[in-house]
Amino acid sequence: MSLLFNLKLPEDIKRLTYGELTTLASEVREYIIDVVSKNGGHLAPSLGVVELTIALLRMTDPIRDRIVWDVGHQSYAYKILTDRRDRFTTLRQFKGISGFNKISESPYDAFGVGHSSTSISAGLGLKVAGILQQKDIKTIAVIGDGSMTAGLAFEGLNNAGHLKKNLVVILNDNEMSISPNVGALSNYLSKAMTGEIYTKFRKDFQHFMEKSPILGGPLLHFAKKLEEGIKGFFTPGIIFEELGFKYIGPVDGHNIKDLEEALHNAFIQTSPVLIHINTKKGKGYEPAEKSPSKFHGVSKFDRSTGVPIKFSGEKTYTQVFGETITEMASKNDKIVGITAAMPDGTGISILKEAYPDRVFDVGIAEQHAVTFAAGLAAGGLKPYVAIYSTFLQRGYDQIIHDVALQKLPVVFCIDRAGFVGDDGPTHHGAFDLAFLRVVPNMVIMAPKDGEELSEMLRLSENINLPVAIRYPRGEVDRYDLPHNIVNIAEPEVVFDGGDIAIISVGHIFKESYRLYNLLKEKGINTTLINLRFIKPLNKDLILNYLKGKRFVVTIEENSLHGGVGEYIQSIVNDVDISVRFIKFGIPDIFVEHGDLESLRSLVGLKAEQMAEKLLNLLKQ
């Protein structure tokens, strides 16, 4: 990688020949593939935008100008070619660089991202902020075609068209094929109608017509309609033109020279511009080119084959969900599944394979997914919405207004609850129990293992209220313990004894059980309760087991503020029971990225840390 590692970045990129730029693109791809194969990450999206990244860095000053990458999973090349080349090997590692853009990580990152479809709105804000402060800055929002399915993207487009500022939006069309590529004629017309000569003629003609008192108005209107008609007939960008954008494209997203020409033409406009580029997702790595969705976000894999490196043969919670819901659907034709562009990630693809007509992928549109599910439920079906905890946040109003208020039996299958590890603060499922707990009519369950997840899914089938079941990323936990059947509202008392009660919420039972055993080794008997239900909860049963205890320890991989520990404490405070509470969970911070063990240790959720704190309190 002699060229990449001998450049002063990003300055030297502007001095390279096109032949050298081709070499540079190849070396950047190799570097990305090498690091992601070892660390995991978003491979296919980043491989597709290497040439675009190079063109952007050649046509802008990335410190003065503002480049916003939607989601951020396309920005690996950008990280390498700005100021993180030598740190890129730490990608997504504890205390290393983030897998997404972060303002705090680099002055080259204009805006922090992680969830989709925010780039246009944020880019417009940055552009207007520059104008109001009399700063002449170029502002570019890079958005993938999948992210264009979200309503927020169109809200941003609509406002940008209204404000008529020169925001440049680059639409990376790599999979969805938003519109048919009509080839050379379309590209030629887009270039011709946004080039310098045509742009100057258009301004002069408009100025001349506006001065004409009689014919100016009608002629100007006719000319505008003629131009729209020509472009609308030959190009796919008429929808963006109607929203107030100049449209350029489609442009070959792997041709640096064409990209630079498109950017130049965009920057000389006075109104917003959308550049539509075509790229190949996963370009440069054959396994990713053949299966781009599988290589969208990956764990560690064998670079030579593309096969994931697995550490054990256990099923994941996601697989248990997919297999269980498919078995249920085989006996109940009212069961339907919904995903917001994550069929593989949520496991609902298993149901889709068996019953393709009963699974709906609505795209990156979580708000719509929730209300769509409400409509399905109101129509007599039993919808299961499979969604990551962090993305469910985007549909919170719909959960309250469209589902819970109407007591509709929608089941939210909340994957990636708690820490998700390497994806970091934008993706940790830290808040779902807190924000769902306050919603009336909700039934909320949290399984400690795969067996309980399967049972809870089956139980949800006959609950005629909104249900949320939250479970983590990764392989299922297994315990050499007797299994007690899941009954609605009832916790599982795993062990009973002593004057300390440990109340464990969901999958963090792994650490709670270890804590129980560490105390037992010290001769301290403890009551261990697997809560199972957050709502409804058998309060009388809980209070009965807490009477006479010195300490109640609550453990949850969820925000402490508004969390289950606070809820249990409020129940105890309402009655005449004197007991000291020690609550373990995620403190009032956004927790960084890193491996699960490091993150739990960071916030004090490891069994050894909790045991040390408890033993010190007992000594006092």
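Mentor: Let us start with burial: a residue is called buried if its relative accessible area is under 20%, and exposed if that area is over 50%. Please keep in mind throughout that this is a predicted model.

Trainee: Why is Thr-326 called buried?

Mentor: The relative accessible area computed for Thr-326 is 13%, and the cut-off for buried is under 20%, so Thr-326 counts as buried. Thr-326 belongs to helix H13, residues 317–331, and, if neighbours within four places in sequence are left aside, Thr-326 is in contact with Ile-350, Leu-351, Ala-354 and Tyr-355.

Trainee: What makes the pair Asp-12 and Arg-15 a salt bridge?

Mentor: A side-chain nitrogen of Lys or Arg has to lie within 4 Å of a carboxyl oxygen of Asp or Glu; for the side chains of Asp-12 and Arg-15 the N to O distance is 2.2 Å, and the pair is therefore a salt bridge.

Trainee: Are the two partners, Asp-12 and Arg-15, buried or exposed?

Mentor: Asp-12 has 16% relative accessibility and so counts as buried, whereas Arg-15, with a relative accessible area of 63%, is exposed.

Trainee: How do you know that Arg-84 and Glu-105 form a salt bridge, and what does the pair tie together?

Mentor: Their closest N and O atoms are 2.8 Å apart, and the limit is within 4 Å, so the pair qualifies. Arg-84 lies in helix H4 (residues 76–84) and Glu-105 in the loop between H4 and H5, so the pair ties together parts that are 21 residues apart in sequence.

Trainee: Why are Arg-470 and Asp-432 called buried?

Mentor: Arg-470 has a relative accessible area of 3% and Asp-432 a relative accessibility of 0%; the cut-off is under 20%, so each counts as buried. Arg-470 also forms a salt bridge with Asp-432, with the closest N and O atoms 2.8 Å apart, and the pair links strand S11 (residues 467–470) to helix H19 (residues 432–437), 38 residues apart.

Trainee: Turning to the sheet, what makes S1 and S4 its edges?

Mentor: The open sheet has five strands in the order S1-S2-S3-S5-S4, with parallel pairing. Strand S1 (66–69) and strand S4 (246–252) each have a single partner strand, so one side of each is left without a neighbour in the sheet.

Trainee: How do you know that S1 and S2 pair?

Mentor: Pairing requires at least two bridges, and four bridges join S1 to S2 (residues 139–144), so the two strands count as paired; Val-68, moreover, stands opposite Ala-141 in S2.

Terms used:
Residues are numbered from 1 along each chain as its sequence is written. This is a predicted model: local features need pLDDT of at least 70, side-chain atom pairs count only at pLDDT 80 or more; totals for chains, interfaces and linings use all residues. Side-chain values use heavy atoms; hydrogens and water are left out. Buried means under 20% relative accessible area, exposed over 50%, partly exposed in between (1.4 Å probe, protein chains only). Contact means heavy atoms within 4.5 Å.
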